[in-house]
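Notes follow in the order I went through them.

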Amino acid sequence: MGHWRKLQATVYPTNRCNLRCTYCVAQSGIIAESQAQKIDLDFARQGVADFFKEHNAHQIRFYSSGEPTQAMDVIEQMVAFGRNLVGERLITEIQTNGYFSEEIARWLGENISIIWLSIDGWPEVNDQYRPARDNPKPTTQILNNLRIMQERTFVGVRATIVPETVRRQAELIEYFASLGVKQIYSEPVFEPVRISGEMQDRGKITLVNIMDYAYGFLKGWDRAQQLDVFYGNSFMVNFDEEVHICCRSCIPAPHLTTDGYVSACDLGYYGNTALQDLIYGKWDLGSKRIIYFPEII
């Protein structure tokens, strides 16, 4: 299905994260606890209700500049709200790092229709690039949660391709397939999006050569065909059919941010993003309504 026909309202529950990924595109690992935010539930409900009413939609997606499950109360209440609006038609989706308790894993498996697990490969690779705040080797727990969720719902993988895996994508496919994963997407590691002003110094991020990624991807794609699994990437996500829209920001896809803004894109995490053309609405706390910006729309 063309990505442009995937009508979803995306809720960002929190910017708090329990991992410290070395390449974090949102820089969430450097956010101090005093800067942690959680979305206003009235704002989230209003944004979803507006979207469902205007587009006859019935999908809620949980994403985050941090880790969505760090605000499970928001997820649970928004799932209940969505069911109240559209009943059994509700489709829910989440992108998560998978580092949480078995209790949360079971709840997600029983209440979320589609789970995308962010994991970069074998434990030695994933632990290197995605350590937890409280655990330098969280992958064992993540893989246990993967098994729990797979018993209850669909789980696919989103992998960031790093220098250690850029030429080993076929092996990555074999590894994920051995875990029972049938849907895999990847993208090469890239620079973070600035929040405002200058990026805080987190050390140099080692990027991968895009042509190395492309050649590795083609080998991975061939291996996926042999194993009867799907392997895609962020560059082809909207081009599996003839389309006249090339970007998610060109479609009705509200992203409700933790600081009360409506963004058109996953990368528009905050109202003070450097990507201001993506921000097309703001929650007005006084009137308890969303003010949309028609000139941006």
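**Starting at Q59**

I'm working from a predicted model here. I began with Q59, which is part of strand β2, spanning residues 59–62. Is Q59 buried or exposed? I get a relative accessible area of 14% for Q59, and the cut-off for buried is under 20%, so Q59 goes down as buried. I then checked what its side chain touches: the Q59 side chain has a polar contact with the side chain of Q8, at 3.3 Å.

**Second largest pocket**

Which elements give two or more residues to the lining? I noted α1 (41–55) and β11 (289–292). The largest share is from α1, with five residues. I also sorted the lining by class: 15 residues are nonpolar, three are polar and three are charged.

**Rings and charges**

Then I went through the aromatics. How many aromatic pairs does the structure hold? I have 13 in my list. I also marked one aromatic cluster, formed by W116, F154, Y185 and F230. Y185 came up again when I looked at charges over rings: the charged end of R158 sits over the Y185 ring, 5.3 Å from the ring's centre. I wrote down R168 too, which lies over the face of W122 at 4.3 Å from the ring centre.

Technical notes: Residues are numbered from 1 along each chain as its sequence is written. This is a predicted model: local features need pLDDT of at least 70, side-chain atom pairs count only at pLDDT 80 or more; totals for chains, interfaces and linings use all residues. Side-chain values use heavy atoms; hydrogens and water are left out. Helices (H or I, at least four residues) and strands (E, at least two) are DSSP runs, numbered from the N terminus. Ala, Val, Leu, Ile, Met, Phe, Trp, Tyr, Cys and Pro count as nonpolar, Asp, Glu, Lys and Arg as charged, and the others, Gly among them, as polar. Rings of Phe, Tyr and Trp (its six-membered ring) pair if their centres lie within 6.5 Å; planes under 30 degrees apart count as stacked, over 60 as edge-to-face and the rest as tilted. A charge sits over a ring if NZ of Lys or CZ of Arg is within 6 Å of the ring centre and within 35 degrees of the ring normal. Buried means under 20% relative accessible area, exposed over 50%, partly exposed in between (1.4 Å probe, protein chains only). A polar contact is a pair of N or O atoms within 3.5 Å; within protein, one must be able to donate a hydrogen and the other to accept it, and residues adjacent in sequence count only if both atoms are side-chain atoms.
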